[in-house]
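I open this notebook to record what I looked up, one topic at a time. I keep to what can be checked in the structure itself.

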Amino acid sequence: MPFTGVPLADHGELYRRIEAAGYDDLWTSETAGYDGFTPLALAAAQTSRLRLATGVVNPFTRGPAVLAQHCAALADASGGRFVLGLGSSSNVIVERWNGVPFEKPLSRMRAAIEALRPVLAGDRGPGGFRLETPPSSSVPIVVAALRGRMLSLAAELGDGAFTNFLPLSGAAQVRDAFGAPDKELVCRFFCFPAAEAEALPAARRMLVAYATVPVYAAFFRWLGWGERIEPMVSAWEDGDRKRALELVPDDLVREVFVFGDGGAQRERLQAFAEAGITTFVLAPICEPGEVVGFVEALAPARR
C-alpha cells in the first residue's frame with residue numbers, strides 16, 4: 001500500500017479491515033507515487049498490531065540522519081511496530097529523477113546500515129549526529145536485494161532480505177544466495193484478481209517497465225533469463241517501446257505475476273513458500289473498488 005486510486009484520506013478503513021482480517025504487516029512502496037513513510041504514519045494511528053514497514057526507501061535520496069529521524073518517529077508513533085525496508089533503488093529513481101549520482105550501491109548500503117545501527121540504539125553516528133529521542137526498542141532493517149552480493153550483505157548486516165519481481169524458477173537461487181534461514185526472506189508479489197488471459201496485457205506492460213531498468217535486467221540475467229530478455233531490452237534501449245512490449249517473454253510474465261481468484265493465488269504463493277519465501281507482500285493490481293474483495297479473498301483468517 002497505499003492502494004492505487006484510493007485517496008490516502010480513505011485508507012483508514014482499509015487498514016482496519018486488513019488488521020481484522022488477520023494480516024501481519026503493511027508495507028509501503030516508494031516509486032512515483034506517495035513517499036514510503038507518510039502512509040505508515042497514518043496506519044500507525046489506525047492499527048494496533050500490524051508491523052509497519054517500508055518496502056522500500058533508499059539511502060541515496062535520504063541521508064542516514066534523516067532516515068534515523070523517520071525511523072524514530074514511526075517507531076514511537078506505532079509503539080515499536082516499525083520495520084525499515086532499505087534498498088539501493090535504481091539509477092532511474094536516484095540519478096535521473098533526483099539528480100543524485102547512483103554510484104557504488106553496495107558500498108552505499110553497507111555504509112547506511114552501519115551508520116544507522118548505533119544512531120537507532122541512541123549512540124552517536126557519523127558527524128556526531130545523535131537522536132534526541134531514539135527508539136525505545138530495536139528497529140529491524142530488511143535489506144532489498146536482488147543478486148548475490150547484496151543478498152550476502154542482507155544476511156550479514158540485515159534482519160532480513162526483500163526481493164521483488166521474482167520468477168518462481170529463481171526463488172531457490174535467491175534463497176540459497178541469501179543463505180540465512182534464520183532470517184526472513186520477503187518478496188513482493190503483483191497480484192491480479194483476474195483470469196490470466198484477461199490480466200496478461202497489463203502484466204506484460206509492468207514487466208517491460210521494470211525488466212529494462214539496468215538493475216532488474218541484471219537480476220533476470222543472473223537468474224538465467226538473459227537470452228530471453230535481451231531482444232526486449234535492446235528494443236527498449238533503442239527507443240522502440242512498442243517493439244519491446246511485443247518481445248516480452250510471456251513465460252517470464254507467468255513466473256513472476258500471480259493471477260486468478262483467491263484459491264488460485266494461494267496455490268501459486270504456496271509454491272513460493274516451498275521455495276523459501278517466508279514473508280509475502282501482496283500488491284493488488286485492480287480497480288479501487290476491488291481492493292476490499294482482494295483483501296478478503298487472500299486474508300489469513302480465511303485459510
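The entries below go through backbone, strands, salt bridges and nonpolar cores.

**Ground rules.** I note that this is a predicted model, in which local features need pLDDT of at least 70 and side-chain atom pairs count only at pLDDT 80 or more, while totals for chains, interfaces and linings use all residues. I number residues from 1 along each chain as its sequence is written, and I take side-chain values from heavy atoms, with hydrogens and water left out.

**Backbone.** I began with the background that most residues other than glycine have a negative phi, and that most peptide bonds are trans. Against that I looked up the cis bonds, and I found one joining Met-1 and Pro-2, with omega about 10°.

Phe-165 has another, near 50°, and I located Phe-165 in the loop between strand E5 (160-164) and helix H7 (171-178). Are these residues buried or exposed? Using relative accessible area (buried is under 20%, exposed over 50%, partly exposed in between, with a 1.4 Å probe and protein chains only), I read Lys-104 as exposed at 65%, whereas Phe-165 is buried at 0%.

**Strands.** I turned to strand E4 (residues 141-144), where Ile-141 and Val-143 point one way, Val-142 and Ala-144 point the other way, and all are buried. I counted two strands as paired if DSSP finds at least two bridges between them. On one side of my list, E4 and strand E3 (residues 82-86) run parallel and are joined by three bridges, with Gly-85 opposite Val-142. E4 and E5 also run parallel and are joined by three bridges, and there Ala-144 has Phe-162 as its bridge partner in E5.

**Salt bridges.** How many salt bridges are there? Taking a salt bridge as a side-chain nitrogen of Lys or Arg within 4 Å of a carboxyl oxygen of Asp or Glu, I have a count of 15. I looked up Asp-25 and Arg-51, whose closest N and O atoms are 2.8 Å apart; Asp-25 lies in strand E1 (residues 25-28) and Arg-51 in strand E2, so this pair ties together parts that are 26 residues apart in sequence. Asp-25 is buried at 16% relative accessibility, and Arg-51 is partly exposed at 25%.

Arg-51 also meets Glu-184 in a salt bridge, at 3.0 Å from N to O. That link connects distant parts of the chain, since Glu-184 is in strand E6 (residues 184-192), 133 residues from Arg-51. Glu-184 is buried, with a relative accessible area of 17%.

I next noted Glu-156 with Arg-110, whose closest N and O atoms are 2.7 Å apart; Glu-156 lies in helix H6 and Arg-110 in helix H5, so the pair ties together parts 46 residues apart in sequence. Glu-156 is partly exposed at 48%, and Arg-110 is partly exposed at 30%. I also recorded a network of salt bridges that links Glu-13, Arg-16, Arg-17 and Glu-296.

**Nonpolar cores.** In soluble globular proteins, nonpolar side chains tend to be buried together. I used the term nonpolar core for a set of buried Ala, Val, Leu, Ile, Met, Phe, Trp, Tyr and Cys residues joined through side-chain atoms within 4.5 Å. The largest such core has 92 residues, and those touching the most other members are Phe-82, Leu-84, Leu-86, Leu-166, Leu-207, Phe-220 and Phe-257. Helix H8 (residues 196-211) gives the most to this core, with seven residues. A second, separate core has nine residues, among them Trp-27, Val-56, Ala-144 and Phe-162.

Key
Helices (H or I, at least four residues) and strands (E, at least two) are DSSP runs, numbered from the N terminus.
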